[in-house]
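Work through these exercises with the model open beside you. Try each task before you read its solution.

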Amino acid sequence: MAGEKVHLTGEKETLLLTLYGKALESRLPDSLLRDHFAAEAVRNIDYDFSRLKVDDNLGVGLAIRAKTLDVRVQDFLARNPDAIVLHLGCGLDTRIFRVDPPQGVDWFDVDYPEVIELRRKLYPSRDYYHLVASSVIQPDWLAEVPRNRPAMVVAEGLTPYLPANEGPRLFARLVAHLASGELMFDAYSRFGLKLLRFNPSFKATGAKVYWNIEDPHDLELAVPKLRFIEDISAYKPEHAARMGWFAKLFIRLWIHIPALRKVGRLLRYRF
């Protein structure tokens with residue numbers, strides 16, 4: 001059977017980059033993700049993934065980021081069994097299947113209509129799982145989301161593509177609508193965005209990036225209901241063992257040079 005044809009460009013095409021990286025990592029014998037849904041999706045898509053120049057190092061890096069987010073989501077759900085999860089700019093990520101939330105947790109995957117249509121073709125439906133076809137910066141989609149339950153909001157590979165003025169507006173709308181919860185996302189410094197623009201895999205998509213965050217506390221000023229609680233480094237020493245020699249060298253530098261630690265990291269807030 002022929003695979004699903006995709007015609008995505010710019011920031012939308014980057015979802016194929018992250019999907020393929022996670023699928024590659026899941027083939028490794030010591031895989032963190034064991035993301036069989038991602039691997040199956042790659043097989044069912046009619047697309048030349050080789051043009052994205054994704055290697056094992058990038059795949060491992062993407063898996064580390066995804067696993068860190070997965071664990072925080074699982075921890076939040078263990079503390080809040082009546083919670084909802086909002087996955088913003090979900091792309092083709094299979095977090096709901098990796099986390100496998102308990103029955104009763106309403107999970108919302110939000111992305112552009114053409115992305116949601118592709119998800120419907122590639123992945124099975126399940127109870128309490130909601131697909132929301134909308135740009136995340138459009139305010140109307142929030143009307144579908146309950147207001148009276150604790151919420152875990154996750155955005156992976158989203159914030160750099162948002163206009164600098166739209167990111168805080170999005171988060172302000174979320175915390176105004178939701179009763180309480182946590183917000184977690186990956187953020188980049190100005191230098192991090194420059195490095196991202198030179199990444200061969202990223203350049204292959206033609207995507208543009210805009211929003212950088214230098215100081216996590218700046219977002220508290222822009223969105224007063226947010227309280228910064230955690231800054232998680234993208235890499236730890238033990239991660240280097242799973243990568244090639246150049247990546248190992250970069251991680252050692254990353255750990256010891258403050259400017260590099262800010263290049264890309266995960267930020268966590270409470271509201």
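**Exercise 1. A leucine and its surroundings**

Find the residues that Leu226 is in contact with, leaving aside its neighbours within four places in sequence.

*Solution.* Contact means heavy atoms within 4.5 Å. With that rule, Leu226 touches Phe171, Val175, Leu183, Leu219, Glu220, Tyr269, Arg270 and Phe271. The model is predicted, so local features need pLDDT of at least 70 and side-chain atom pairs count only at pLDDT 80 or more, while totals for chains, interfaces and linings use all residues. Residues are numbered from 1 along each chain as its sequence is written, and side-chain values use heavy atoms, with hydrogens and water left out.

Next, locate the residue. Leu226 sits in the loop between α9 (217-222) and β8 (227-233). These labels follow DSSP runs, numbered from the N terminus: helices are H or I with at least four residues, strands are E with at least two.

Now take a distance. Gly181 is 45 residues from Leu226 along the chain, and their C-alpha atoms are separated by 9.8 Å.

Is Leu226 buried or exposed? Its relative accessible area is 0%, so Leu226 is buried. (Buried is under 20% relative accessible area, exposed over 50%, partly exposed in between, with a 1.4 Å probe and protein chains only.)

**Exercise 2. Two helices**

Describe how α1 (residues 10-26) and α2 (residues 36-43) cross.

*Solution.* Start with the axes, which are lines fitted to C-alpha atoms, for helices over the stretch in contact; angles run from 0 to 180 degrees between N-to-C directions. The axes of α1 and α2 come within 8 Å and cross at roughly 120°. The two helices are therefore oblique to each other. (Under 35 degrees counts as roughly parallel, over 145 as roughly antiparallel, 65 to 115 as roughly perpendicular, and the rest as oblique.)

Finish with the residues. Leu19, Tyr20 and Ala23 in α1 meet Ala38, Ala39, Ala41 and Val42 in α2.

**Exercise 3. Positive phi**

State where Lys53 and Tyr128 lie, and how exposed each one is.

*Solution.* Lys53 is in the loop between β2 (45-46) and α3 (56-79). Its phi is positive, about 55°, although Lys53 is not a glycine. Its relative accessible area is 55%, so Lys53 is exposed. Tyr128 lies in the loop between α5 and β5. Its phi is about 65°, and Tyr128 is not a glycine either. At 36% relative accessibility, Tyr128 is partly exposed.

**Exercise 4. The whole chain**

Give the helix and strand counts, and the share of buried residues.

*Solution.* The chain has eleven helices and nine strands. Of its 271 residues, 55% are buried.
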